[in-house]
Amino acid sequence: PIPIAINRGKRPGVTATFVVVWFENGVRSDRRSVMVVLSAFTRRSLEATSTAEDGDRGTNATKPLRGTSGGAYWAATRCAATRGAAYFGTGKDVYRATFKEIDGASGDASFVPGKDGVSLPAEALEPLHVSPILGFVHREEVQSVACWDGGGGSTFVASADAAGSLCVCEFRSGGGEDPTSCPEWSYHVKAPSATTMELGWAGVSLGERQPTRAAVARHFAKDLSVFDGDVVVRTVRTIQNPTAIELLAEDGTYAVAEKSKICVYDFRQGEAGGLAHCLPVNEMVTCLAKSNNSGQPLVASGIGRTVALWDLRKWGSERRTTEHARIRGLRSDVCGIEFLEPCSGETKVCAAGISGEARVTEPGKKKEALDLKGDSRWIGFASDGGGRCVGVAATGGLYSFTVSP
């Protein structure tokens with residue numbers, strides 16, 4: 001079979017679609033291959049509103065959020081997203097940015113086609129409201145941010161700094177007030193030996209059915225701590241230095257990337273320090289992500305310039321049988337992975353590289369991918385649980401792109 005026709009829309013505000021027509025022995029085949037559809041790819045400059053006291057009067061001013069430390073080169077964990085909002089950490093503060101549900105709906109250019117099929121962002125004209133989140137108190141630089149939309153206007157946001165200190169807040173919208181003006185409740189707790197260990201990367205994972213429970217993995221301390229409120233439930237030692245953490249099940253099962261290993265910790269068991277399974281790999285694992293598709297539960301891990309997909313139902317088997325698929329084609333090491341799951345459509349995997357690139361593809365379809373490019377390395381990369389991904393660049397730009405089912 002030979003593809004002979006490709007139709008690509010490039011007009012502003014028009015979704016770019018790719019259709020490949022197959023012919024076999026001179027007869028058109030019903031077999032079709034539809035590539036990933038990009039609806040919008042935009043960039044916005046991050047400027048936060050601050051209040052400066054001028055005598056007896058307060059004047060509102062904006063400051064650009066730039067010049068932040070890159071932190072751990074392998075981790076793009078300083079951003080989390082829900083529908084219509086993104087939460088990200090720069091320095092010692094956590095911010096909230098709100099944007100429209102659909103970019104490019106106003107008729108402006110939704111993205112810019114580049115060379116070699118790479119899509120570039122269009123500068124968004126819609127205003128972006130960025131405000132600091134009150135209730136987060138960190139003495140060190142924020143390393144990871146996680147959030148969960150609890151429904152009914154409730155949003156839970158968690159952050160961990162370089163010392164491993166954890167802060168969790170609940171915000172509720174309504175009444176015409178800024179939901180970040182005052183949290184409904186919050187707690188701040190320090191990890192064991194937070195003041196004596198060397199500062200470094202720390203990852204946080206927030207529970208969904210139990211939003212007061214959170215887990216923090218520290219790189220240099222080589223430990224994994226689970227908190228319930230401001231109480232340390234349990235702390236275990238990891239085999240190697242953690243580089244990523246992901247919640248697998250609400251019963252207290254976590255996947256932790258430890259350099260060249262992926263370990264599963266089950267806090268319901270007391271033997272072997274809670275270690276239930278250890279999967280060795282050949283290279284450093286930089287990030288983890290879990291699919292919400294119950295029919296085919298997958299875990300994606302960034303290994304070098306590739307993304308490996310693992311089937312959770314075969315997690316205890318040998319590596320050759322558990323690796324579901326492998327995604328290749330990135331030009332730099334993977335620093336972030338997200339599953340894009342539109343309301344109607346197949347699950348897609350989005351991988352972010354440390355050089356500012358991103359690739360969206362469907363598992364098992366090697367030649368069908370959508371490539372995007374930012375202006376600098378990612379310090380945060382997250383999905384809202386649907387078809388939108390949000391990324392924060394080191395130069396102070398907020399990128400948002402949407403794919404259609």
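Reader: Let's start with Phe41: how do you know whether this residue is buried or exposed?

Author: This is a predicted model, and here the relative accessible area of Phe41 comes out at 1%. Buried means under 20%, so Phe41 counts as buried.

Reader: And its ring, what kind of pair does Phe41 make with Phe401?

Author: A search of the whole structure turns up 11 aromatic pairs. For Phe41 and Phe401, the ring centres are 6.0 Å apart and the planes stand at 85°. Centres have to lie within 6.5 Å, and planes over 60 degrees apart count as edge-to-face, so this pair is edge-to-face.

Reader: What makes that pair a link between parts of the chain?

Author: Phe41 sits in strand 6 and Phe401 in strand 38, so the contact ties together parts 360 residues apart in sequence. Phe401 is buried as well, at 3% relative accessibility.

Reader: Why does the Trp378 and Tyr399 pair get the label it has?

Author: The ring centres are 5.4 Å apart with the planes at 85°; the cut-off for edge-to-face is over 60 degrees, so edge-to-face it is. Trp378 belongs to strand 36 and Tyr399 to strand 38, so this pair joins parts that are 21 residues apart in sequence. Trp378 is buried, and Tyr399 is too.

Reader: Which residues do the ring pairs link into a cluster?

Author: Phe41, Trp378, Phe381, Tyr399 and Phe401.

Reader: Phe381 is in there, then. Which residues does Phe381 touch?

Author: Leaving out residues up to four places away in sequence, its contacts include Ala76, Cys79, Glu338, Cys350, Val390 and Phe401.

Reader: Which residues touch the most other members in the largest nonpolar core?

Author: That core has 19 residues, and Cys350, Val360, Leu372, Phe381 and Phe401 touch the most other members. Among the elements that give two or more residues to it are strand 6, strand 33 (348–353), strand 36 (378–383) and strand 38 (397–404). Strand 38 supplies the largest share, three residues. Another core, of 17 residues, lies apart from it and includes Ala48, Phe99, Leu128 and Ile379. In soluble globular proteins, nonpolar side chains tend to be buried together.

Reader: On to charges. Why is the contact between Glu123 and Arg43 called a salt bridge?

Author: The N to O distance between the two side chains is 3.8 Å. Glu123 is in strand 14 (residues 122–123) and Arg43 in strand 6 (residues 37–45), so the bridge ties together parts 80 residues apart in sequence.

Reader: What about Glu141 and Arg78, what do they form?

Author: A salt bridge, with the closest N and O atoms 3.2 Å apart. Glu141 lies in the loop between strand 15 (129–132) and strand 16 (142–151), and Arg78 in the loop between strand 8 (57–64) and strand 9 (79–82), so the two tie together parts 63 residues apart in sequence. Arg78 has 3% relative accessibility, so it counts as buried.

Reader: How many salt bridges does the structure hold, and which residues join into one network?

Author: There are 10. One further example is Glu170 with Arg172, at 3.1 Å from N to O; Glu170 is buried at 5% relative accessibility, while Arg172 is partly exposed at 47%. As for the network, bridges that share partners join Arg43, Glu123 and Asp375.

Notes:
Residues numbered from 1 in each chain as written. Predicted model: local features only at pLDDT ≥ 70, side-chain atom pairs only at ≥ 80, totals over all residues. Heavy atoms only, no water. Salt bridge = Lys/Arg side-chain N within 4 Å of Asp/Glu carboxyl O. Helix = DSSP H or I, 4+ residues; strand = E, 2+ residues; numbered from the N terminus. Buried < 20%, exposed > 50% of the residue type's maximum accessible area, 1.4 Å probe, protein only. Core = buried A, V, L, I, M, F, W, Y, C linked by side-chain atoms within 4.5 Å. Contact = heavy atoms within 4.5 Å. Phe/Tyr/Trp six-rings, centres within 6.5 Å; stacked < 30°, edge-to-face > 60°.
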